[in-house]
Amino acid sequence: MPEYVSYFVEDPRQISALLSVAAVWLGLAAVGSSIGGRDIDKPIFPLLGWAAVVVVYTVFGTLTDIAFTSIGVVLGVTALISGLAYLRRDILLIDPAFLRMLLFAAPLLLLVSAMQGSQWDEFSHWLLGQKYLLNVDRFPGEGHPRSSASFPAYPYAWQLLSYLAARLQGGVAENAGSLLNLLLLMSLGLMAVRRGLFL
């Protein structure tokens, strides 16, 4: 059995990557729960939270000089308060069907957690953008160091999530984007099935 597990787990950083991405996803769900209310399907909560995070970072990251880490701490506290308020009503923050999907997808998530940057766009843009956000703690712009990413003015909505996971992990998280992609696909897949889009 240990030999079989070794096929999936090569580096202890896989576990920290999974935990940091899970924390980001839970935080997004918690923020989204305070926006969506009870009438919104739970798989949509992380998407609502993602939208809120992007709006906050865009407004404060472009109109003020507040460091991204400080914004992240405030968002983290907000997520914690929102999540606890939701749990106090004895309501699960994550849909039970999504939790079952996570269980079935565990081998895939473990495999993806072992991925490293390998594609041209990762090396030319995505990882460089994430590294810039980590090092400079702000968006590229006037008065800030020049970004070496191919498209420094490209929207940062996706990289903000990778940035948050990397900040929790303590360094560049090459696999955060892939893991977040899987969670996003699972959420959208669950919504598609529930709404009968495959019938």
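1. A residue is called buried here at under 20% relative accessible area, exposed at over 50% and partly exposed in between (1.4 Å probe, protein chains only). By that rule Y163 is buried, because its relative accessibility is 1%. Y57 is buried too, at 0%, and F68 likewise has a relative accessible area of 0%.

2. A word on the basis: this is a predicted model, where local features need pLDDT of at least 70 and side-chain atom pairs count only at pLDDT 80 or more, while totals for chains, interfaces and linings use all residues. Residues are numbered from 1 along each chain as its sequence is written, and side-chain values use heavy atoms, with hydrogens and water left out.

3. Now to the rings. Phe, Tyr and Trp (its six-membered ring) pair if their centres lie within 6.5 Å, with planes under 30 degrees apart counted as stacked, over 60 as edge-to-face and the rest as tilted. The count comes to 6 aromatic pairs. In one of them, Y57 and F68 have ring centres 4.9 Å apart and planes at 70°, so the pair is edge-to-face. Y57 belongs to helix α3 (residues 45-63) and F68 to helix α4, so this pair ties together parts 11 residues apart in sequence; helices are DSSP runs (H or I, at least four residues), numbered from the N terminus.

4. Y57 also pairs edge-to-face with Y163, at 6.3 Å centre to centre and 85° between the planes. That pair links helix α3 with helix α8 across 106 residues.

5. To put these rings together: Y57, F68, F139, Y156 and Y163 form one aromatic cluster.

How values were computed. Helix = DSSP H or I, 4+ residues; strand = E, 2+ residues; numbered from the N terminus.
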